[in-house]
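Visitor: Hi! Could we go through a few spots in this one together?
Guide: Happy to, let's bring it up.

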Amino acid sequence: LHPFLMIKKIVLFALVLIGLQACKSDAKKEAPSLMKEVMDVHDAVMPKMGTIGKLVKLLNQQKDSLLEAAPTAEIDLKIVALSTGVDSLQKAHKKMMTWMKDFGGNFTADEILKGKALNAEKKSILEQEAIKVKEMEAAIIGSIQYAEQLSNQ
């Protein structure tokens, strides 16, 4: 082979390798880890815990004022609905607390915060936790929406 062709092939090969490496690192940056996705859901929902507390208080106040009124079928239905709303909020709150406790028991701070590699068993646990955190998010958002509808009636 001619030396010029040999250099040309080496340079071309090097450029292909550099291009592949660049694509690989871009894919890593763009695709967040499952741990990050789970923590992002938690971080988005956590501030809503204060909203849950406020709504529990508001619905209980509304229920208490109805209990002082003369009982009618309509008032009884509203009391039941308000009680259901409070129960839903409290269950959602408990779901968050239970999820955090279980999640914290399954992973170390380095795994959660610093992206330490997970073994196969912990990867499987994380996949289950990803499902649970979405269920918890749905419970919190749903209970808040329901309570807000009740409080505006």
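Visitor: Which residues does Ser 151 touch, not counting those up to four places away in sequence?
Guide: Ser 151 touches Leu 58, Leu 59 and Gln 62. Keep in mind that this is a predicted model.

Visitor: Noted. And is Ser 151 buried or exposed?
Guide: Buried: its relative accessible area is 15%, and the cut-off for that label is under 20%.

Visitor: Where does Ser 151 sit?
Guide: In helix α6, which covers residues 120-151.

Visitor: What about Ser 143, where is that one?
Guide: Ser 143 is in helix α6 too. With 1% relative accessibility, Ser 143 counts as buried.

Visitor: What is Ser 143 in contact with, leaving aside neighbours within four places in sequence?
Guide: Its contacts there are Ser 88, Leu 89 and Ala 92.

Visitor: Switching to helix packing: at what angle do α2 and α6 pack?
Guide: About 20°, with the axes 10 Å apart. Here α2 is residues 34-45. Angles under 35 degrees count as roughly parallel, so α2 and α6 are roughly parallel to each other.

Visitor: And is their crossing left-handed or right-handed?
Guide: The crossing of α2 and α6 is left-handed.

Visitor: Which residues make the contact?
Guide: From α2, they are Leu 34, Met 35, Val 38, Val 41, His 42 and Val 45. From α6, they are Leu 126, Glu 127, Ala 130, Val 133, Lys 134, Met 136, Glu 137 and Ile 140.

Visitor: How many of those are nonpolar, polar and charged?
Guide: The α2 contact with α6 has 10 nonpolar residues, one polar and three charged.

Technical notes. Residues are numbered from 1 along each chain as its sequence is written. This is a predicted model: local features need pLDDT of at least 70, side-chain atom pairs count only at pLDDT 80 or more; totals for chains, interfaces and linings use all residues. Side-chain values use heavy atoms; hydrogens and water are left out. Axes are lines fitted to C-alpha atoms, for helices over the stretch in contact, and angles run from 0 to 180 degrees between N-to-C directions. Helices (H or I, at least four residues) and strands (E, at least two) are DSSP runs, numbered from the N terminus. Angles under 35 degrees count as roughly parallel, over 145 as roughly antiparallel, 65 to 115 as roughly perpendicular and the rest as oblique. A crossing is left-handed if the near helix is turned anticlockwise from the far one by less than a right angle, and right-handed if clockwise. Contact means heavy atoms within 4.5 Å. Ala, Val, Leu, Ile, Met, Phe, Trp, Tyr, Cys and Pro count as nonpolar, Asp, Glu, Lys and Arg as charged, and the others, Gly among them, as polar. Buried means under 20% relative accessible area, exposed over 50%, partly exposed in between (1.4 Å probe, protein chains only).
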